[in-house]
Amino acid sequence: IITSFCCREVSLGFTKEGQSMLGICPDKEPGLQPWMPGHSEDHRVTISNNSTVLLTTSATVHSIEILSGGKLVIADTNRPILLRTKHILIGNKGELHIGSPDCPYKGNLTILLFGSDEEHSYFGRKYIGVGSGGTLEIHGERKLSWTFLNKTLHPRESSQNNYLFQRSWGNRGIIIHVIDPKTGEVLHDDRFDTYRSKNESYRLAKYVDGIKPGLILAMMVNDEGSNNLEDSAKKSISRLGSKHIGSLGFRAPVLDSELNSSSLSLTLMCCRSVCFHTNGSFLLCMCSVYAGKAKFIHMGEEVDGVDMRAEVGLLSRNILLRGEMEPSCYGNEACKFFNFDTFGGHLKVNSSVIHISGMELQHMGQQTMGHYPVHFHMNGDVDERGGYDPPTSVSDLSIHHSFSRCVTIHGSNGLMVKDVVGYDTLGHCFFTEDGPEERNTFEHCLGLMVRAGTLLPSDRDSKMCRDITDGAYPGYVPNPRQDCSATSTFWIANPNNNLINCAAAGSEETGFWFLFHHMATGPSNGSYSPGYTEHTPMGQFTNNRAHSNFRAGMILDNGVKTTQANNKDKRPFLSLIGARYGPHQDSDPFKPRVPALIHHFTAYKNQYHGAWLRGGDVFADNGIGLTLASGGTFPEDDGSHQQVKNSLFVGESDNRGMPFPDKRIWGPGGPDLTDRTLPRGIDFPIRGMQIYDGPINVQNCTFRKYTALNGRHTSAFGFRLNNSWQSCPNNNVTNITFDHVPITSRVFFGEPGPWFSKMQMDGDKTTIFHDIDGSVSEYPGAFLVKEDNWLLRHPDCIDVPDWKGAICSGHYAQIYVQTRNPANLNMQIVRDEYPDRPLTLEGALDKRKVYQQFQPVVTLAKGYTIHWDQAAPAEVTIWLINFNKNDWINVGLCYPQGTTFTILSDIHNRLTKQTRKTGVFVRTTHKEKINHLHLARGYFYWEEDTGLLFLKVKAHNHRETFAFCSVKGCERVKITAIVPKGSPPSNCLAKAYPKHAELPIVDVPMPRKIPTARLVSNEIKMIPTPHYFPVELALFMSLEKRFLSSSKPSDPIPTRLLKEVLPLINASILNMINLRVVVKQLTDHLQRFI
């Protein structure tokens, strides 16, 4: 609690009591009848028939209903007012006024909602309800809602300024210190003996009125100061916001806990630490303060280029709406999960004129549907489009210790939510509900510590997800991490909303989550056509930040189930499901695309993802900085792509955090190996940019402080772990800068072990990206591939063992091989140039699906054979993916003897779902004739002695730059086979090779290495690993070419050189010498070794 206040210029400019320069204050309007109802819980009050009353004292009533021209105004007095009631209902033409925008309420008002009986059919219980045609105007004092800490606060340091210890407070009377808000320096101090002399009171008034705007005024009473304290001094101090100066009594020790709009009374600081229970569940370590001192570190500065200043939020305000609570939980299912009362008050608005500002809401919300601290329910357009002038808004609210959400927007559009602080709530905090909510703006809002609630599957944690299965089909088995577990600070169900200058920290799951309702749900059902939101352009998302969240700082992905549970899909209504985002003009997928832009987003200290976007700007200290995902198989909106530009990624910043009892997240890290908090464990592989499916482009980005350690893989670029999906060869990077990143930590493709599992999933084996300008590999135009993927390698590829990758050149594309009857088989694909290096794929889909899909990346203009671990499937469809016109490969598929075939080609348009046959394949007795391929006719060659069916697949149409398929659709070859029953597994490898083996040929020469680049970074001292030696890889290339006649041509010399020769040389000596001086000796040694 800061016991100081800030003297600033008062903009209202009161000319006389009760009247501003812009109009009369509501409680000073003529004709108001004073109202003092007394205290009775049985007193039901109705204000109607144009009655206008002024509540001037505290009161207790059963309920208040205002309608039919009735008007209730709360008097702004020096005495605190407590209004206690079960509900306030504002009906048609009813009005409730507490202050106004031009004359904010300055007194101290508390509205206490109590009771849990007598439920209203629409509003429920314990509420302020504003029905259609009602008016609610609440305007408390204007105060800074939240800001940032301007100096780092270390543990056991006081949050109060050091001026408290610089000078004595003095003797009897009122003591004042004038303080510089930036430095804490006491600029002037004085004492006013208002006990002894009225003249001292006049001097005090003059002194207070003369203080320059922007300075802090700290006041206290020493001994006694009320005896001769005159009204002039009281008014001067009251204008600054004092709540208690008017009622100061004999020897009252302190004037105020806070004064004026720039001060913070009950404040909340958000620190930067997350810790976890030993069972792995998430626990946010918020900024605990004890004995007036911080328990954890609170950053107040920029760290490694990232603004990590702690948020400081205001919770106390002079108008308080609060639910009266019972000592323990009672009466509903929530008691299985909470040991405290969760039946708070709520405020619900329906088609009304409402403006709320400067109010505190505490103990609001209920663990029942539709009852939230602030709830706009089915209001339609509440801005100019709906005829509201001024538009409906809520601002400067402090919502804390809420039992269900913070602000809910349901079926309402154009609402302004500004300067709202939400702290410690159950369920999504800032929540849009059904899907049609558009044009709403969240500006400068802060959400902290959002915990799981029971209402929706997405609100629930794992235990709730398993225990609450209402609405599920019999036999449903919950999968909590997929169906539920999505609690978020900002839950945005329609992308056409604006988030500007907002912050989200400490969510049990995610900070910002954009998701999609394929169809509008609830009472909004039918308000838009299916799929509308998935194509709706994104509103403004600018200058937002997310930190200290569990799953992610931001997610743009997924949807909710908009159909009821059934035998086919047993999950409950509104469970989390997959969805794909492809924004187009007018939300029409047949019209031009509209990019979704995320500007100046900062994410740090999130345990898993900084951001997961399917469809950023600063990412620091996240487990994974950024993942851009498309469709796993196809981008739903083929031709779209994703890019991140002009962004900063920081692996392990100098914000090291503090140790916790759970040592799994505390260990060495960073370039200097200093102990620090870690995202998920001491061996978790930290990655800056996680390359997933694609296509993606990373451009003009800086990666800072990514350093791998023994026992922990850390890399600027990495790949999704345990990935079964495709990897697009058009993923590319350009103009990448590394700062304090050793070359060993630029990229890591993965290896079997903790977190990576066995690296046997298809996506783990097929990773690739294009280094357009060589800023990663130092070979412009090269591709980076996994070291053991021989579908993509050639003899001149350069191995980089620390990356578990290779630098290669070539023309690459993909084939999708879909199989039916059976679908639960595995596939081996072999390139003819490397017959002893098959790639085994398990398929991207669950083995229980009716079809399977294999998605290898291939080198174009090469020959391949395909084999199965069961009898060959009756249906095989080969999709040409990322093929340009005239690109081709030859394929031999293994079948049992006696198989007969029908083969055709077609084009499938994924947008219109239409398929058009384009040609047929006929059998030829000459294998070379398969190359005589035309659009309408192709040839296949059935080689029964080896069991291989040969054909050529070739693209006949142009493809847009980022599209997977051609402009006319996806070109496919479909093979229907009649396979003899009881056939053994169709693996023809032994018969196919060496008959069809070919010598490796480099079709695309390797690019020249950037002349000025070096493989060793000068920026930090290298941390040696068992496989890294700082030598120039270009020399290995020359050595390799001299020994292409190796007895193992399929094992390039660079790999063998690094693995077998270099370990014989002392690493420290090798660091100091020029390899060119000893190249002859090294070459001779290599010859002998081979």
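1. Two strands count as paired if DSSP finds at least two bridges between them. That definition is needed for the pairs described below. The model is predicted.

2. Start with the chain as a whole. The protein chain holds ten helices and 78 strands. Of its 1090 residues, 60% are buried. The accessible surface of the chain is about 42,400 Å², and carbon and sulfur atoms account for 51% of that area.

3. Buried here means under 20% relative accessible area.

4. Which strands run parallel to strand 46? Strand 43 (residues 510-517) does, and six bridges join it to strand 46. Within this pair, F514 has L556 of strand 46 as its bridge partner. Strand 49 (residues 609-614) is also parallel to strand 46, with four bridges between them. There, I555 stands opposite W612 of strand 49.

5. Strand 46 has an antiparallel partner as well: strand 47 (residues 576-577), joined to it by two bridges. The bridge partner of G559 in strand 47 is I577. As background, the strands of a sheet pair through backbone hydrogen bonds, either parallel or antiparallel.

6. V733 is placed opposite D771 of strand 62.

7. How many bridges join strand 72 to strand 78? There are five, and strand 72 (residues 875-881) runs antiparallel to strand 78. In this pair, T877 has K974 of strand 78 as its bridge partner.

8. Strand 74 (residues 900-909) is also antiparallel to strand 78, and nine bridges join the two. F901 stands opposite A977 of strand 78. When looking at these strands, keep one general point in mind: in a regular strand the side chains alternate between the two faces of the sheet.

How values were computed: Residues are numbered from 1 along each chain as its sequence is written. This is a predicted model: local features need pLDDT of at least 70, side-chain atom pairs count only at pLDDT 80 or more; totals for chains, interfaces and linings use all residues. Side-chain values use heavy atoms; hydrogens and water are left out. Buried means under 20% relative accessible area, exposed over 50%, partly exposed in between (1.4 Å probe, protein chains only). Accessible areas come from the Shrake-Rupley method with a 1.4 Å probe; for residues, only the protein chains shown count as cover.
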